[in-house]
Amino acid sequence: MNSKEAILAKIQAAQVPHFRANRPQRKELPASLDAFCERVADYRAKLHSVTEDQLLPTIQSLVNGRRCLVPLGLGFTIQGAQEDKPFSHRELAEFDVTVTLCAVGIEETGTIILDGSEGQGRRALSLIPDHHICIVRESQVVASIEEAIQRITPTRPLTFISGPSATSDIELVRVEGVHGPRRLDVLLVSHT
Amino acid sequence: MKVHLFITCLNDALFPKTGIATTQILERLGHTVEFDPRQTCCGQMHLNSGYRKEAAVLAKQFIEVFKDAECIVSPSGSCVANVREMFINLGKWTEDEALVSDAEQLRERVFELSEFLLTVEKIEDVGAYFPHRVTYHPTCHATRGLGLSDSPLKLLKAVKGIDYVELPDSSQCCGFGGTFSVKNADTSSAMLADKCDAVNALDVEYCVALDNSCLMHIGGGLKKSSKEPKVIHLAEVLASREER
Amino acid sequence: MSGGGIRPATTFTKAARLALQNSTLRQNLGFATRTICAKRESAVAEIPNWQELRTLGAGIKDEALSNLNELLVQLEQKITEAGGTVHWARTAEEAVEIVASIAKRHEVQEVIKVKSITSDEIELNQGLTHDNIIAIETDLAELICQLADDSPSHILVPAIHKNRDEIRELFERKLGSTFDSSEPKLLAEAARIYLREKFLTSKMAVSGANYAVAETGTVCIVESEGNGRMCLTLPEVLVSIMGIEKVLPLWEDVSAFLRLLPRSSTAERMNPYTSMWTGVTPGDGPQEFHLILLDNGRSDILADATGRQTLRCIRCSACLNVCPVYQRVGGHAYGSVYPGPIGAILTPQLLQMADVNANTLPFASTLCGACYEACPVKINIPEILIYLREKTEKSTAESFGFQTVYRVMSNPRLFGLVLKNTRLGASVASTFGLLKPWTNSRELPDIPKESFREWWRNREQ
């Protein structure tokens with residue numbers, strides 16, 4: 001009997017009586033953008049509410065002439081930015097800032113989710129450079145974790161980001177930025 | 001109503017005053033109080049120390065004594081929690097279906113004293129008079145085990161003349177825990193020291209609680225530090241009258 | 001200090017006594033646990049239906065445990081379809097061997113690790129050294145423990161027992177860093193610089209897993225620092241080790257645990273980073289993924305109808321922080337990588353209730369119930385503690401004492417007789433724990449002149 005068979009046999013022998021969880025009905029709620037903004041800011045990420053017209057100038061001023069990395073399919077051009085070729089990890093480490101889109105924003109927790117589709121790039125892009133600028137469209141913000149989970153495709157590589165990386169490992173003092181980007185700017189773009 | 005006392009072995013042996021006070025409170029409310037001397041121990045001590053078979057025998061003995069009692073009242077949150085919550089488990093763990101069903105029947109009829117006053121009698125002011133500065137320690141099995149939360153405080157606050165002061169970090173366990181107090185005496189003492197410090201800092205005359213097991217522990221610690229506060233069971237406060 | 005594992009080197013009583021003598025430890029612990037507890041309460045208060053959510057969390061776990069065979073097979077199938085490989089390990093040794101063989105196949109001498117208690121349970125780091133493979137911890141606290149040759153003392157904050165000055169001294173000595181002060185920000189920066197190079201060059205990473213979804217084959221890791229993302233994204237090969245009880249039936253079940261876990265654990269609405277992946281994604285992240293499903297005693301716990309709920313545990317550590325015993329003695333006293341109330345029931349059960357030292361753990365509790373109240377998946381820890389106490393060996397002296405009391409209590413007439421005699425009454429009282437361990441720190445209560453039943457009888461006459 002191999003290990004798999006042995007484990008399965010032991011589980012079988014445990015004879016756990018059948019049980020079914022009582023999962024509640026899903027409720028769709030309208031998302032509050034104000035609450036989303038507040039909660040993003042709570043994590044000490046910087047939130048900018050911008051119109052479509054203000055988007056590019058805001059990004060340009062945040063990038064401020066530094067070495068900027070963008071994924072394929074961002075949908076617009078940032079002056080001086082380089083698209084992922086793809087670069088090696090070493091090369092990625094040479095960039096100061098990455099600009100990406102996202103898949104979903106969650107009001108309940110102030111979380112943004114990246115799923116690696118168009119304009120978001122592979123996971124290393126939003127990880128290695130020290131500054132991440134993430135663009136969220138108003139229509140992407142949902143009220144709850146349930147709605148977000150329902151909206152995203154589980155089989156894509158998923159990253160949930162709630163503020164910049166942080167640790168409280170030393171005397172529970174919160175320190176922002178250990179290994180991930182130490183600076184996170186979220187740009188919430190209104191529909192008008 | 002005919003009320004049957006479940007006095008608990010510890011109160012019977014070491015804290016008769018609490019039992020007497022309980023009797024007085026219930027009689028003043030017009031109840032006929034019964035005490036069946038066949039009662040001994042509910043088996044909590046054995047169950048919690050790992051002597052399940054012995055505990056099951058004592059549980060069955062308890063059920064036999066109280067089988068016809070419509071209403072059972074006890075001045076101990078801990079022992080009531082054992083009867084109400086653990087007898088069923090004891091039945092399951094010893095595969096004794098009769099014990100499970102008897103325990104299920106029994107659990108509806110057993111009340112901790114403050115719970116009886118607040119939920120059955122629906123009374124907060126029992127006409128007590130206790131002109132002293134006191135604090136209150138919510139014992140774990142009453143607060144969490146029976147889910148009484150801080151409701152017993154309603155009774156205490158309604159007492160005439162009382163000067164009640166809130167105990168900081170009150171929901172922290174005092175460190176008694178039955179055999180824990182002996183088996184892990186060092187840890188138990190460390191917890192006790194913090195509880196005693198909290199009580200001592202308040203400049204009170206009494207620390208009140210509704211379990212004499214915990215009070216025996218806290219009282220023993222306070223006495224050792226030879227400080228002012230004494231311990232007293234809630235029933236004794238509620239039974240105090242103006243003439244005293 | 002033990003390097004991990006679940007076998008306590010001594011009894012809880014002895015280890016606790018030692019820990020209580022360390023006043024720095026007690027101060028650090030007291031401060032840390034009080035801070036997290038207060039934060040947790042406000043994080044939980046934000047969720048109006050928290051109690052229903054706990055019931056849902058418990059229910060999903062119970063459903064998974066009742067259907068574990070099918071779910072594990074389904075998980076394996078989904079991960080395999082997505083280009084990953086699933087391994088099954090009966091024991092710690094088998095799991096370590098699988099990790100070692102993957103490393104050897106890739107000729108890797110150094111692996112980077114995401115904090116994983118499961119890997120500490122199987123003593124992976126130590127096991128890998130037999131094959132000359134070094135495992136480097138990348139979580140800040142785990143790194144601190146590894147550099148100090150110390151074992152973690154808390155599930156969530158493994159270096160909770162060390163203060164900033166101790167850590168500064170350690171980094172100066174081991175990493176060659178220099179500091180202007182012991183500011184945590186500077187200490188974290190030193191770790192960032194040291195580990196950045198490791199992340200960029202390591203070929204293989206090892207992680208645990210918070211859960212895996214059978215329906216989709218998706219594996220999840222929640223973390224804060226970004227070391228997890230680094231390990232899960234940059235190396236070519238990723239090996240994740242997961243206890244068989246961590247499987248969830250449905251993709252939608254993820255949401256309940258993403259709400260329960262961060263609030264119970266770090267007391268946040270959401271932890272900074274959560275990563276989820278399914279097998280291998282071409283062009284993104286490791287191109288070789290292995291999931292090791294570990295039994296190591298879990299199926300034995302599953303077979304016990306009462307002990308089974310232990311397997312609901314999501315390792316949030318809420319029960320540690322609220323526990324008055326843990327708050328004073330800290331994690332090392334439990335002698336296992338699983339400390340606190342959950343450790344007191346999990347460790348001895350993983351060892352089939354056959355380890356003498358581990359069997360003292362169920363007694364490391366006053367049964368105050370704070371753990372049960374805090375548990376996000378409603379594990380009735382006090383009930384299981386009581387249940388497990390019966391399965392431990394008792395000393396002859398103790399057993400004799402309890403049998404004597406039992407004989408008295410099971411005979412109402414004898415009990416009455418004992419109560420009549422004050423001296424004998426006092427000897428009954430002694431069974432409540434008088435003697436020396438009691439009187440060392442507590443006075444005895446006054447022995448009353450008459451028992452309650454004597455008062456009652458006199459009054460009736």
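How many residues of chain A are in contact with chain C, and how many of chain C with chain A? The legends below take up this question and a few others in a predicted model.

**Figure 1. Chain A meets chain C.** Here 55 residues of chain A are in contact with 68 residues of chain C. On the chain A side, the elements that give two or more residues are α1 (3-14), α4 (89-92), α5 (145-151), β9 (158-161) and β10 (166-167). Look for α1(A) to get your bearings: with 10 residues, α1(A) supplies the largest share of this side. By residue type, the side of chain A that touches chain C divides into 27 nonpolar, 17 polar and 11 charged residues.

**Figure 2. Strands of chains A and C pair up.** β9(A) and strand β9 of chain C (residues 273-278) run antiparallel and are joined by 4 bridges. A handy place to start is Thr159(A), which stands opposite Ser275(C) in β9(C).

**Figure 3. Chain C meets chain B.** In this view, 53 residues of chain C are in contact with 56 residues of chain B. Helices of chain C that give two or more residues to this side include α1 (12-20), α15 (324-329), α18 (381-389) and α19 (396-409). Also among them are α20 (412-420), α21 (422-430), α22 (435-439) and α23 (452-460). The chain C side comprises 29 nonpolar, 13 polar and 11 charged residues.

**Figure 4. Confidence in chain C and the complex.** Chain C has an average pLDDT of 93, and 96% of its residues score at least 70. For the complex, the predictor gives an ipTM of 0.97 and a pTM of 0.96. A friendly reminder: where pLDDT is low, predicted coordinates should not be read in detail.

How values were computed. Residues numbered from 1 in each chain as written. Chains lettered and ligands numbered in written order. Predicted model: local features only at pLDDT ≥ 70, side-chain atom pairs only at ≥ 80, totals over all residues. Contact = placed C-beta atoms within 7 Å. Nonpolar A, V, L, I, M, F, W, Y, C, P; charged D, E, K, R; others polar. Pairing = 2+ DSSP bridges. pLDDT = per-residue confidence, 0-100.
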